[in-house]
Amino acid sequence: MKLEGRRESTNVDDRRGMGGGTVAGLGIGGVLIIGLITLLMGGNLGDVFNNVVQQGGLQPTTTTGEYTPTAEEEALATLSKKVFAGTEDIWTRLFAQQGYEYQTPKLVLYTGTTSSGCGTASSSVGPFYCSADQCVYIDLSFFSTMQQSLGASGDLAYAYVISHEVGHHVQYLLGTLGKVHQQMSKSSQTLSNQYSVRLELQADYYAGVWMKNDNEQYGSIERGEIEKALNCAAKIGDDYLQKKSQGYVVSESFTHGTAQQRYNWLKRGITYGDFAHGDTFSPSYNQL
C-alpha cells in the first residue's frame, strides 16, 4: 500500500509488552487452528480462550523484563495505525453523506493476552472487535502467523483484517450488530450460526467499501494488492479452515462463510463502495 505521508490514528491504546503472555501446550498448530477459525469474529472471544486454558491448551505466563519490539513489528504497528486512520477518514465521510455521525472506535495493540470488555483477549484467537468497549484488538504477531500458516500476506491483506473488524463497528453504530445478536440468542445453534455468517460477510463487504473509497481518495492500493486481499479472504473461509484443520467440512457449523462467499462479498464491496449493495440479510441463506 502507498501510505507514505499518511497520518497515524491517535485512537490507539498500545499495550504491547504489558500483562501476560501464553505458552501453547497443544503446540502452535493446534492453537493456531483455534485462532484462525475464530478470526474476524465479533463477540466474546474471552470465552474461547478460557475454554482452551481449562482444557490444558494454553497456560498463562508472566512476561518479565523490558519489551523491545522488532523492526518488523514496528512496521506493522505503523501500518495498522495508518490503516486505522484511513478507516476513520472514510467512514466519517460516508456516514456524513447519509446524515449520520461516525463515532470512531479504538485500536488496541497488545502482546500475548490483555483484558477487554468482551473478556480475556488472547493472541491465540486472532484480531476481533468488541462492541462492549468499541475496540478492535490485535496482536501484531498474528499477521506473521497468517503469512506462515495460510500463505496470506501483503499490506492490503493485513489492512483487510483491520477494516473487517472496523466493519463490525459500522454494524454496531447502525444497530445491525445488536439486533442480530438478539436474534442469535433466541435461535437454534444452526440458525444462530447462519446469522453469524451474514454478519461476517457484511463486515467483509464493508472492508471492501473502505478499500475502494480509500483508494479513490488517497491512491493507496498498488498493483496486485487486491488479489492478495481477496486471497486472504478466501483462506479464512470456514470450509478452507475446517478442511485444513480436520480434513473434512461441517457446513452446519460455519460461522463466517465459505471461502467463495468471503471472496465474493469482499470483491462486491470493492466494486460498489457504498451502503446500498451490502445487504446480506435479505437474500436466502443459500444465495449468499
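Here is a quick tour of a few strands and helices, grouped by topic.

This is a predicted model, where local features need pLDDT of at least 70, side-chain atom pairs count only at pLDDT 80 or more, and totals for chains, interfaces and linings use all residues. Residues are numbered from 1 along each chain as its sequence is written, and side-chain values use heavy atoms, with hydrogens and water left out.

**Strands**
- Helices (H or I, at least four residues) and strands (E, at least two) are DSSP runs, numbered from the N terminus.
- Strand E4 (residues 106-109) pairs in the parallel sense with strand E1 (residues 12-14), over three bridges; two strands count as paired if DSSP finds at least two bridges between them.
- E4 also pairs in the parallel sense with strand E8 (residues 135-138), over four bridges.
- Val108 of E4 has Asp13 opposite it, and Val108 also stands opposite Tyr137 in E8.

**Helix H9**
- Helix H9 (residues 238-246) has Asp238, Leu241 and Gln242 as its buried residues, buried meaning under 20% relative accessible area with a 1.4 Å probe, protein chains only.
- Those buried residues line one face of H9, because they fall within an arc of 100 degrees seen down the helix axis; the arc is taken from the directions from the helix axis to the C-beta atoms.
- Just after H9 comes Gly247, with a positive phi of about 85 degrees.

**Helix H10**
- Gln261 sits in helix H10 (residues 259-272).
- Gln261 is buried, at a relative accessible area of 12%.
- Leaving out residues up to four places away in sequence, Gln261 touches Val197, Leu201, Tyr285 and Leu288, where contact means heavy atoms within 4.5 Å.

Key. Buried means under 20% relative accessible area, exposed over 50%, partly exposed in between (1.4 Å probe, protein chains only).
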